Amino acid sequence: MIRIDHIGIAVRNLEESNELFRKLLGSAHYKTETVESEHVTTSFFQIGESKIELLVASDPESPIAKFIEKRGEGMHHIAFEVQDIHAEIARLEGEGFIPLNREPKRGADNKLVAFLHPKSSGGVLVELCQSV
Ligand code: CO
C-alpha cells in the first residue's frame, strides 16, 4: 500500500453535499463522474495528497442506495493506492482477507479498483486502487 488515495462518503443529494463539503474543506470539488458499472455518480475534492469521494446512487439498485437505506449517509469506504493491484489482491487473500472482486475493474478517476469484504477487514470496506 502506498498511501490513502481517498475516503468515500455515501450521500443522498450530491448538490447539497458538494456545497456542505465545499464549506467544510474550503475548496470546491474539481470533478464529477458517473460510473455506470457501479450505479454511482461521484464527485472529488482534493485534500493534499488524498481525496474525498462523495458517492450518490444513480439508480435504486445501486449499492450506495442499499447502504444508505441500511445505515444512512456517512463514511462508506477507505481507498488505498497500490502499485500492483493483482499482486496486492493475492497477498491480501493469502492473509485471510476476502476480495469482493478478484479481477480488478474500472472505477472512477481512471483507476483499476478492487474491494475487500468489510467482514474480513474490521468492519471497513476497503478499496484498492491503481492508477492506469
Ligand atoms: Co472509492
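Donors are N, O and S atoms within 2.8 Å of the metal. The exercises below use a predicted model.

**Exercise 1. The cobalt site**

Find which residues donate to the cobalt ion and what spacing the donors follow along the chain.

Solution.
- Step 1: The protein donors are H6 (NE2), E53 (OE), H77 (NE2) and E127 (OE), at 2.1 to 2.2 Å from the cobalt ion.
- Step 2: Along the chain, these donors follow the spacing H-x46-E-x23-H-x49-E.
- Step 3: H6 belongs to strand β1 (residues 3-10) and E127 to strand β8 (residues 126-131); the pair links parts of the chain 121 residues apart.
- Step 4: Both H6 and E127 are buried.

**Exercise 2. The geometry at cobalt**

Work out why the arrangement around the cobalt ion is irregular.

Solution.
- Step 1: The 4 donor atoms subtend angles of 83 to 169 degrees.
- Step 2: Four donors count as tetrahedral if all angles lie between 85 and 135 degrees.
- Step 3: The angles of 83 to 169 degrees make the arrangement irregular.

**Exercise 3. Two salt bridges**

Describe the salt bridge of R3 with E81 and that of E38 with K105.

Solution.
- Step 1: R3 and E81 pair through their side chains at 2.6 Å, N to O.
- Step 2: Because R3 sits in strand β1 and E81 in strand β5 (residues 74-81), the pair ties together parts 78 residues apart in sequence.
- Step 3: R3 is partly exposed at 23% relative accessibility, whereas E81 is buried at 14%.
- Step 4: In the salt bridge between E38 and K105, the closest N and O atoms are 2.8 Å apart.
- Step 5: E38 is buried, with a relative accessible area of 19%, while K105 is partly exposed at 32%.

Notes:
Residues numbered from 1 in each chain as written. Predicted model: local features only at pLDDT ≥ 70, side-chain atom pairs only at ≥ 80, totals over all residues. Heavy atoms only, no water. Donors = N, O, S within 2.8 Å, 3.2 Å for Na, K, Ca; no water. Tetrahedral: all angles 85-135°; square planar, octahedral: opposite > 155°, others 65-115°. Helix = DSSP H or I, 4+ residues; strand = E, 2+ residues; numbered from the N terminus. Buried < 20%, exposed > 50% of the residue type's maximum accessible area, 1.4 Å probe, protein only. Salt bridge = Lys/Arg side-chain N within 4 Å of Asp/Glu carboxyl O.
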